[in-house]
Amino acid sequence: MKHLHSGKVRDLYELPTGELLMVARDTISAYDYVLDTPIPDKGRILTQLSLWWFERLADLLPNHIVSADLPPDAPAEWAGRAVVVRRLDMVPVECVARGYLTGSGLKEYTKTGSVCGVALPAGLLDGSRLPEPIFTPTTKAAVGEHDEAMTFTQVEATVGDLAPRLRDLTVAVYRRGAEMARERGIIVADTKIELGLDPSGELVLGDEVLTPDSSRFWPADAWEPGHAQPSFDKQFVRDWLTSPESGWDQASGEAPPPLPDEIVEQTRARYVEAYERITARTFT
Ligand SMILES: N#Cc1c(N)ncnc1-c1cnn(CCN2CCOCC2)c1
């Protein structure tokens, strides 16, 4: 099969049928690096979580999933983390919705009092919940570049009449995911979805959806506005990399060192826990 595209943690191939095969790797990224040490089963866990979400979002919009069965000419090791999807004409906007303020949104808010042109109340802190979830789109930056915030007017200039539908669908997916995850003790602070057009011109949900790679997952019982919230899945990795034990100096520009076994195991356990809490299924 023909390799089309590699992201930080997933690859895209073209099948002889013209459909695509989206393959999730066990890699994890932190501090803008793809770490050398894989997290066993991360690809499978997040693929299965995403498939579970696609099913529960199907009443909001169609999706690109064709089959979770491994195509005959794909390596057996891809089983459970490769999904056949139909080819879409992807919209050239990263569709992001935020229910909480942090990261680049907080940075923009601190400077301007707004995010992507949306004015927010004064006095919000890192981790504050927003009065309502907001659409905070960005450009699709080239590999190695950073996405740039877009105003709604810029989205309209880019995609025309699709703009309000991108906004409404992105916020609706976020609301559904955030509500269901919160009932299970996980805050989804924000999420990025990919939308594309099918040949009939219908907007279709692509990529992965509502995973810890496409979204910020926070443990709800540790939520406390006023500082950076702990990541549900990546905090063990972040804490170790920034501890003297790792010997890594983030300011050096050097790539992080390999992760110790116990950090890998703790991180794998967090992915399993997120999957099992949200889906109420046992990961096998
Ligand atoms: N999904 C999807 C999809 C589709 N269904 N049809 C056409 N193109 C795409 C596509 C092409 N690039 N990306 C960016 C995200 N990629 C996801 C896979 O892994 C690599 C990064 C999405």
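Thr110 is exposed, with a relative accessible area of 62%, where exposed denotes a relative accessible area over 50%, buried one under 20%, and partly exposed the range in between, computed with a 1.4 Å probe on protein chains only. This residue lies in helix H2 (residues 103-112), helices being DSSP runs of H or I with at least four residues and strands DSSP runs of E with at least two, both numbered from the N terminus. Between the C-alpha atoms of Thr110 and Thr17, which are 93 residues apart along the chain, the separation is 49 Å.

The structure is a predicted model, in which local features need pLDDT of at least 70 and side-chain atom pairs count only at pLDDT 80 or more, whereas totals for chains, interfaces and linings use all residues. Residues are numbered from 1 along each chain as its sequence is written, and side-chain values use heavy atoms, with hydrogens and water left out.

Helix H1 (residues 42-57) has 16 residues and spans 22 Å from its first C-alpha to its last, close to the 22 Å expected at 1.5 Å a residue, the expected span being 1.5 Å times one less than the number of residues. Of the 16 residues of H1, 12 are buried, so this helix is largely enclosed by the rest of the structure. The buried set consists of Lys42, Gly43, Ile45, Leu46, Thr47, Leu49, Ser50, Leu51, Trp52, Trp53, Phe54 and Leu57.

The axes of H1 and helix H6 (residues 261-279) come within 10 Å and cross at roughly 20°; axes here are lines fitted to C-alpha atoms, for helices over the stretch in contact, and angles run from 0 to 180 degrees between N-to-C directions. H1 and H6 are therefore roughly parallel to each other, a description that applies to angles under 35 degrees, whereas those over 145 count as roughly antiparallel, 65 to 115 as roughly perpendicular and the rest as oblique. On the H1 side, Lys42, Ile45, Leu46, Gln48, Leu49, Trp52 and Trp53 meet Arg268, Tyr271, Val272, Tyr275, Ile278 and Thr279 of H6, contact being defined by heavy atoms within 4.5 Å. The residues of this contact divide into 9 nonpolar, 2 polar and 2 charged, where Ala, Val, Leu, Ile, Met, Phe, Trp, Tyr, Cys and Pro count as nonpolar, Asp, Glu, Lys and Arg as charged, and the others, Gly among them, as polar.

Helix H4 (residues 162-182) has 21 residues and reaches 30 Å from its first C-alpha to its last, close to the 30 Å expected at 1.5 Å a residue. H1 and H4 pack at an angle of about 115°, with their axes 11 Å apart, and H1 passes H4 in a right-handed crossing. Trp52, Trp53, Arg56 and Leu57 of H1 make this contact with Val173, Arg176, Gly177, Met180 and Ala181 of H4, and by class it has 6 nonpolar, 1 polar and 2 charged residues. The buried residues of H4 include Val173, Gly177, Met180 and Ala181.

Helix H3 (residues 152-159) packs with H4 at an angle of about 125°, the axes being 8 Å apart, which makes H3 oblique to H4. Here Phe152, Val155, Glu156 and Val159 of H3 are in contact with Leu162, Ala163, Pro164, Leu166 and Arg167 of H4, and the contact has 7 nonpolar, no polar and 2 charged residues.

Several loop residues were also examined. Asp32, in the loop between strand S4 (29-30) and strand S5 (33-34), has a positive phi of about 70° although it is not a glycine, and Asp32 is exposed, with a relative accessible area of 53%. Cys116, in the loop between strand S10 (114-115) and strand S11 (118-119), has a positive phi near 55°, but Cys116 is buried, with a relative accessible area of 7%. Arg86, in the loop between strand S7 (82-85) and strand S8 (89-90), is partly exposed at 28% relative accessible area, and, not counting residues up to four places away in sequence, Arg86 touches Pro62, Asn63, His64, Val66, Asp198 and Val204.

Terms used. Left-handed = near helix turned anticlockwise from the far one by under 90°.
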